[in-house]
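Please examine the sequence and the structure before reading on.

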Amino acid sequence: MNDDRDDSGTGDSGTDEAARGEMIRLAERRLASPAFIALFQQGMALVDETAAYLDGEGRTASRALSRTALAAYAQQSMRLSTRLMQLASWLLLRRAVAEGEMSGETARREAAKIDLKGPLRDMDQESLLPEPLVDLILRGYELQRQIVQLDDTLSAPSPTPGELRPNAVAGQIGRLRRAFERG
């Protein structure tokens, strides 16, 4: 009788990544997914939309604001622009990795320079702003939330082989495979 069990404790013959104790990094695969592409496009579109608003309609709307509201407008538009540039930088780094233009390690070093958290919301100032600017600010915070969540997933340390538990499903599949191979 031929017992093809490996030392991983899964009972598989060693052909499966999980059975060999290699962790499949789903977060890294997500960078090449349609969901990441959509997030990237959403982020870049928000950058463009914000720039168009601040250079056009927003500039016109700011002329009608009180002195206090104008100061809030200036501060919040600067914060929004800074936040979006930080997020766009992160998105561009991750896209470069997904397209093979940059190594993951280089991207991690560069991403460490990006402030994804930024300042907290100032709802008192936001209450003084024109509605279209508030909408852009809120969409910027939502984009930030999504990117921080993805970045946290990507930055999570990979478990070492000793920390991995045997995959019971892989073990069952290995046993089934051996049973069918024996005929």
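## Core and helix packing

Apart from neighbours within four places in sequence, Ile147 is in contact (heavy atoms within 4.5 Å) with Leu39, Leu87, Trp90, Leu91 and Leu116. The model is predicted: local features need pLDDT of at least 70 and side-chain atom pairs pLDDT 80 or more, while totals for chains, interfaces and linings use all residues. Residues are numbered from 1 along each chain as its sequence is written, and side-chain values use heavy atoms, without hydrogens and water.

Ile147, Trp90 and Leu133 have the most contacts inside the largest nonpolar core, which has 31 residues. Such a core is a set of buried Ala, Val, Leu, Ile, Met, Phe, Trp, Tyr and Cys residues joined through side-chain atoms within 4.5 Å; buried means under 20% relative accessible area, with a 1.4 Å probe and protein chains only.

The largest share, 10 residues, comes from α7.

Helix α4 also packs against α5 (residues 104-111) at about 175°, with axes 9 Å apart. The two are therefore roughly antiparallel (angles over 145 degrees). On the α4 side, the contact is made by Trp90, Leu93, Arg94 and Val97.

Ser62 lies in helix α3 (residues 57-62). Ser62 counts as buried because its relative accessibility is 12%.

Terms used
Buried < 20%, exposed > 50% of the residue type's maximum accessible area, 1.4 Å probe, protein only. Helix = DSSP H or I, 4+ residues; strand = E, 2+ residues; numbered from the N terminus. Axes fitted to C-alpha atoms, helices over the stretch in contact; angles between N-to-C directions. Parallel < 35°, antiparallel > 145°, perpendicular 65-115°, else oblique.
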